[in-house]
Amino acid sequence: MKADAWEAGHRMPFIVRWPGTVGAGSVCDQTISFTDVLATVAEVVGKALPAGAGPDSFSFLPALRGGRSQRAPIVMQSGGGFMTIRSGRWKLIEGLGSGGFSEPAKITAGPDGPAGQLYDLAADPARRRIVSPGTRVVERLRAEMAASSMRRSR
C-alpha cells in the first residue's frame, strides 16, 4: 500500500529504453523517486525548472548514463502521519506499525520498546528485523529529514 510507511508500494522497478544513452541490459541499484522524473526530463531537454518547481525532484540523468546521481534522501509522510526517510541503505520510520492502511496501522510502544523502526535495507530488504537504533544513525537520519523539510519550505 502506498499509504504505508513500509516499502510495499514504494519499491517499484523503473524501466528505461534509450538506445545510445542507456546500455541494453544495464541495471542500476540507485534509489530514485517518481518525483525525480520532472528534474530529469528538464535536464534532458535543457530547460531549467522555474523557481519553486519540484523542490524534491533530483535529476537521475547521470545514472541513466552509467554514473551516479546526487539524490538527497527520500522523505515521505505515510497516510497515518508517520514521517519516514530512506537514505542509502537505511530506512527510518518515526512510529510503530504501517502508518497507513496495512494492519497493524499503529502500535503503542511499550516502556522499554522502540518508538520507531530502523531498517538496514541492504542487509534486510524485506524488513524482517528492526535494527537496534544506533544513536548516530538515527540522529543523522533525523537531521537529513529536517534538512529536507527546510528545502521544501523555501
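## A cluster of rings

Ring pairs link F14, F34 and F60 into a cluster. Rings of Phe, Tyr and Trp (its six-membered ring) pair if their centres lie within 6.5 Å; planes under 30 degrees apart count as stacked, over 60 as edge-to-face and the rest as tilted. This is a predicted model, where local features need pLDDT of at least 70 and side-chain atom pairs count only at pLDDT 80 or more, while totals for chains, interfaces and linings use all residues. Residues are numbered from 1 along each chain as its sequence is written, and side-chain values use heavy atoms, with hydrogens and water left out.

How many aromatic pairs does the structure hold? There are 2 aromatic pairs. The ring centres of F14 and F34 are 6.2 Å apart and their planes stand at 55 degrees, so this pair is tilted. Both F14 and F34 lie in the segment before helix 1 (36–45), and the pair ties together parts that are 20 residues apart in sequence. Helices here are DSSP runs of H or I with at least four residues, strands are runs of E with at least two, and both are numbered from the N terminus.

F14 and F60 form an edge-to-face pair, 5.4 Å centre to centre with 85 degrees between the planes. Because F14 lies in the segment before helix 1 and F60 in the loop between helix 1 and helix 2 (61–64), this pair ties together parts that are 46 residues apart in sequence.

## Buried or exposed?

Buried means under 20% relative accessible area, exposed means over 50%, and partly exposed is in between (1.4 Å probe, protein chains only). F60 is buried, with a relative accessible area of 6%. F14 is partly exposed at 37%, whereas F34 is exposed at 52%.

S33 also lies in the segment before helix 1, and this residue is buried, with a relative accessible area of 17%. The C-alpha atoms of S33 and V137 are separated by 22 Å, and the two residues are 104 apart along the chain.

## The pockets

On a 1 Å grid over the protein atoms alone, a pocket is an open set of points where a 1.4 Å probe fits, with protein on both sides within 12 Å along at least five of seven lines; lining residues have an atom within 4 Å of a point. Grid points are joined across faces, edges and corners, and a volume is the space filled by probe spheres set on the points.

The largest pocket has a volume of about 1,200 Å³. Its lining has 45 residues, of which M12, F14, Q30, T31 and I32 lie nearest the centre. The second largest pocket has a volume of about 230 Å³, and the residues that line it include D29, Q30, T31 and R68.

## The nonpolar core

A nonpolar core is a set of buried Ala, Val, Leu, Ile, Met, Phe, Trp, Tyr and Cys residues joined through side-chain atoms within 4.5 Å. Which residues make up the largest nonpolar core? The 8 residues are V75, I85, W90, L92, L118, V138, L141 and M145. Strand 3 (90–93) and helix 3 each supply at least two residues of this core, and helix 3 gives the most, with 3 residues. In soluble globular proteins, nonpolar side chains tend to be buried together.
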